[in-house]
Amino acid sequence: MIAAIVFDFDGVLADSEPLHLRAYQEVLSSMGATLPREEYYARYLGYDDQGVFLAVSEDRGWGLTGAQISTLIAEKTEAFEQIVAGEDVLYIGASDCVQRLAAIWPLGIASGAQRQDIEPIIRRGGIDRFFRFIVAAGDTLESKPAPDPYLRAAELHAVPPSSCVAIEDSRWGIRSAKTAGMWCIGITTTYPVSSLMEADTIVTSLSEITPELIRSLHSG
C-alpha cells in the first residue's frame, strides 16, 4: 500500500524554473557567457547547482575548480534569493494539493534546489507545516538523476521506497524516483507528455493529483 508522498519542488510545487534560469544567466553573464533558455531546459534543468556549473564548465571547456564552482553557487543563490524576494512562486493549486494529500499521507520534499531556496517559498505559501522533511542539494552523495535523494526520502519517511509516490516534472527526476523503486506521477508543467513516459501516470495539473489517483497506482 502507499504509505507516503514525496514532492519534487521546482516545476512541481513552485513555478521557479524560469527564476533559476534568470539567476544562472546573471552569474554567467558576469563571466561573459550566455545561457539560452532552450539550452537550459534541454541540458541542465535536472541538475542541482553544482551539477549545472560542472556541466556548463565541461561543455564550454572552462575547467573550473571546485573552489570556483563553490563561488558560483554562492553567487547564484544570492541572485535567486533577490529574484524571488516577496514573490508568491507557488503554482495555483499547490496549497490545495498539499493539504489534500497531507490529510491522508505524510509528505516530504526531495529536490535539487538549495534548502535556503525552498524554505522561504513554502513558508510564504503557508505549506511548510505539512512537510516532515526536505532533502535538498548537498544532502546526498549524488543528486538526481541518481536515486539517492529519493532513497533518502524513503529513509526519512521510514517506509520502503515501493510504498512511496514521487511527483516529478522532468525525466531526470522521474528516473531518480523510479530507480529508487518508487511509484511516480509525472506532471506536464515543464515538459510535454513525451518526455515523461517513464512515469507510472501523467497529469497536467496539481488539481488532478487526488487520493483516488494515488491509490490507483498501487491497485492498478
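Guide: One term to begin with: a residue counts as exposed when its relative accessible area is over 50%, as buried when under 20%, and as partly exposed in between. Also, this is a predicted model.

Visitor: OK, take Glu155. What does its relative accessibility make it?
Guide: Glu155 is at 53% relative accessibility, so it counts as exposed. Its salt-bridge partner is Arg152, with the closest N and O atoms 3.1 Å apart. Arg152 has a relative accessible area of 34%, which means partly exposed.

Visitor: How far apart are Arg152 and Glu155 in helix H7?
Guide: They are 3 residues apart, so about one helical turn separates them.

Visitor: And where does helix H7 lie?
Guide: Helix H7, residues 148–157, lies across S1, S2, S3 and S4. Its direction is at about 150° to S3.

Visitor: Back up to the sheet. What is the strand order?
Guide: The order is S3-S2-S1-S4-S5-S6, in an open sheet of 6 strands with parallel pairing. S3 (131–135) and S6 (201–203) are at the edges with a single partner strand each, so one side of each has no neighbour in the sheet. On average, neighbouring strands are turned by 25° against each other, direction ignored.

Visitor: How many bridges join S1 to S4?
Guide: There are 4 bridges between S1 (residues 4–7) and S4 (residues 164–168), and the two strands run parallel. Ala4 stands opposite Cys164 in S4.

Visitor: Which helix lies across S4 and S5?
Guide: That is H8, residues 171–180, running at about 170° to S5.

Visitor: Back to salt bridges. How many are there in the whole structure?
Guide: A search finds 10. One of them joins Arg43 and Asp59, at 2.9 Å from N to O. Arg43 is in helix H2 (residues 37–44) and Asp59 in helix H3 (residues 49–60), so the pair ties together parts 16 residues apart in sequence. Arg43, at 30%, is partly exposed, and Asp59 is partly exposed at 38%.

Visitor: What does Arg175 form a salt bridge with?
Guide: With Glu198, the closest N and O atoms being 2.7 Å apart. Arg175 sits in helix H8 and Glu198 in the loop between S5 and S6, so this pair ties together parts 23 residues apart in sequence. Arg175 is partly exposed at 34%, and Glu198 is partly exposed at 40%.

Visitor: Last one. Which residues are linked in a network of salt bridges?
Guide: Asp8, Lys144 and Glu168 are.

How values were computed. Residues numbered from 1 in each chain as written. Predicted model: local features only at pLDDT ≥ 70, side-chain atom pairs only at ≥ 80, totals over all residues. Heavy atoms only, no water. Pairing = 2+ DSSP bridges. Axes fitted to C-alpha atoms, helices over the stretch in contact; angles between N-to-C directions. Contact = heavy atoms within 4.5 Å. Salt bridge = Lys/Arg side-chain N within 4 Å of Asp/Glu carboxyl O. Buried < 20%, exposed > 50% of the residue type's maximum accessible area, 1.4 Å probe, protein only.
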